Amino acid sequence: MRYTLGCDLSYEVKSPTVFIFNVEVARLARHHDLTERLLISPDHQHRSYTVPDIRNRYFSIDAQRGPLNIRYEAEVTLDVFRADPDSIQETPLNQLPLDIMPFLLPSRFVPSDRLAPFAVKEFGDRPSGHNGVTAICNWIYDNIDYQRGSSNEQTTATESLIKRAGVCRDFSHIGIAFCRALNIPARFVSCYAYGLEPRDFLAVFEAYLDGRWWLFDATRQANLDGLVRIGVGRDAAEIAFASPFGQVEFGDVKITIEHADGSPELPGRTTDAISTEEPAPNAGAA
C-alpha cells in the first residue's frame, strides 16, 4: 500500500536552542520508492545522520529566538511481511545475535529487572513465541486504561503499571518490560499510523522472535499493516520526535497519513504476524 504522510510542528523559541528531530521515514528495505521534502521556516542549515543497521534518521538545527516551523512531507510504499503467528517461536538465548542482546536489558523507562517477578508470575504459563507476546498485549489491553494526560515524558513502565493507566508510549513500555523480563528481546517503535484517530505519532513495540522483529500494539488503536516506521530504540528516550536543548514553547503538532490514491477505506484488522524488517543477517549465530 502506498501512503502520503507527514507532520507539521510549531515552536516559539525563547533562547538559542539546538533541536534534534526524528520524524523522517526510516530507510528500510520494505519502505519502497520513498520521496520526501523537508521545509524549515525560517530557513536554517541542518545536519543529518542515519544510524547504521536500524536506519533511524535524525536531523539537527540551531534555532534562534522567534517562531520555528518544521514541515515534513513524504510518499512511500509499505511492503509488510506476513506470517502465521502459530509458526513463530522464541529464539533461544544462546542463539541470539549479539547485536540483539542490548534489547534484553533494562533501560531508562523500562526497568524490566524490577518487573521480572510480576512478569514471571503473571505470564509464566503463557503460550510460547508470537502467541505469547500477543497474550502479554491482551493482558495490557484488559488491565491498563488508555487515558490521555495520565502520564508524561518521565513516566516509567513501573509507574504506569501501578497507576493502571497510560497512553501508547506507556503501553509499549510495559509490553517491552514484560518481554525483556521473560528473556524476549523487545524495542520501542515510533511510527505514522494509518487509521489512528485522532492523528498523532503512534508508539508500538517489536519483539525479536525466530530471527526477525515483529510488530505489536497493545493499545489496538491502529492496524499493524498500516504502520510506517520512523525510529526504534531501547525506549522512548532514544527516539523522541523532537528534543530541544534550550527554552522553547511547544505549539501545534499536526500529523497526516492517507492512502496515496485517495481511498478512504480502512484495512480490516489482520490476524497475521506483521514485520517491516528483513531477517537478521546473523540470525541463529551463537
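**Burial and packing in a predicted model**

Colleague: What share of the 286 residues in the protein is buried?
Modeller: The model is a predicted one. A residue counts as buried when its relative accessible area is under 20%. Of the 286 residues in the protein, the buried part is 51%.

Colleague: How many helices and strands does the protein have, and what is its radius of gyration?
Modeller: The secondary structure consists of four helices and 16 strands. For 286 residues the globule rule gives 19 Å, and the protein comes close to that, so it is as compact as a globular protein of that length. The radius of gyration is 19 Å.

Colleague: Which residues have the most contacts inside the largest nonpolar core?
Modeller: In soluble globular proteins, nonpolar side chains tend to be buried together. Here the largest nonpolar core holds 81 residues. Its largest share, eight residues, is supplied by helix H4 (residues 168–181). The residues with the most contacts inside this core are Leu5 and Tyr192.

Colleague: What percentage of contacts between residues at least 6 apart in sequence joins residues at least 24 apart?
Modeller: A contact here requires heavy atoms within 4.5 Å. Counting contacts between residues at least 6 apart in sequence, the part that joins residues at least 24 apart is 77%.

Colleague: How far apart do the centres of the positive and negative side chains lie?
Modeller: The protein carries 28 positive and 39 negative side chains. The distance between the centres of the two sets is 4 Å.

How values were computed: Residues are numbered from 1 along each chain as its sequence is written. This is a predicted model: local features need pLDDT of at least 70, side-chain atom pairs count only at pLDDT 80 or more; totals for chains, interfaces and linings use all residues. Side-chain values use heavy atoms; hydrogens and water are left out. Helices (H or I, at least four residues) and strands (E, at least two) are DSSP runs, numbered from the N terminus. The radius of gyration is taken over C-alpha atoms; the globule rule is 2.2 Å times the number of residues to the power 0.38. Buried means under 20% relative accessible area, exposed over 50%, partly exposed in between (1.4 Å probe, protein chains only). Lys and Arg count as positive and Asp and Glu as negative; His and the chain ends are not counted. The place of a charge is taken as NZ of Lys, CZ of Arg, CG of Asp or CD of Glu. A nonpolar core is a set of buried Ala, Val, Leu, Ile, Met, Phe, Trp, Tyr and Cys residues joined through side-chain atoms within 4.5 Å.
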